[in-house]
Amino acid sequence: MASIKQTLEDILTLDGAMCAAVVDAGSGMILGAEGSGVDMEVAAAGNTEVVRAKLKTMRALGLNDVIEDMLITLGKQYHIIRPSASKEGVFLYVVLDKQRANLALARRKTQDVDKLMDF
């Protein structure tokens, strides 16, 4: 099992990883963050709204499913939002440099560290 700090440090070992955070999905508050390149306070609050909007849409559509992860592709970055399967009410947020990152490996790593996260 890994603490929030260990989880984030593990994510940042990925090629192209810039920063990462564990965010309380209810309040939008950061529970832990590592790295640099993005204002994580603003990103955490904004991405909380993204998660809420997707869940609301899924309910409206009558989808009985869960979000595994959400990918936002920018010109220079990938942003991965992964609601935790192991810790209800939180999500992992990862920012990657698009030129240096391997998206498939990043998604897999995010999934793996989520399984080990314990706090």
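**Close-up views of a predicted model**

**View 1. The β4–β5 hairpin and its turn.** In this predicted model, strands β4 and β5 form a hairpin with 6 residues between them. G89 lies in the turn and has a positive phi of about 90°. The pairing of β4 with β5 is antiparallel and runs over 7 bridges. Within this pairing, H79 stands opposite V95 in β5.

**View 2. The β3–β4 hairpin.** Strand β3, residues 70–73, is joined to β4 by 4 bridges, and the two strands run antiparallel. A hairpin of 3 residues links β3 to β4. I72 stands opposite H79 in β4.

**View 3. Strand β4 between its two partners.** β4 spans residues 77–83 and is mostly covered, with 6 of its 7 residues buried. H79 of β4 faces I72 on one pairing and V95 of β5 on the other. β4 is antiparallel to β3 and also to β5.

**View 4. The largest pocket.** The volume of the largest pocket is about 200 Å³. Its lining consists of 14 residues, and those nearest the centre are L55, P83, S84, G89 and V90. G89 is also the residue with positive phi in the β4–β5 turn.

**View 5. Make-up of the pocket lining.** Helix α2 (40–60) and strand β5 (90–97) each contribute at least two residues to the lining of the largest pocket. By class, the lining residues are 9 nonpolar, 3 polar and 2 charged.

Technical notes:
Residues numbered from 1 in each chain as written. Predicted model: local features only at pLDDT ≥ 70, side-chain atom pairs only at ≥ 80, totals over all residues. Heavy atoms only, no water. 1 Å grid on protein atoms, 1.4 Å probe; cavity = no way out; pocket = protein on both sides within 12 Å on 5 of 7 lines; lining within 4 Å. Points joined across faces, edges and corners; volume = space filled by probe spheres on them. Nonpolar A, V, L, I, M, F, W, Y, C, P; charged D, E, K, R; others polar. Buried < 20%, exposed > 50% of the residue type's maximum accessible area, 1.4 Å probe, protein only. Pairing = 2+ DSSP bridges.
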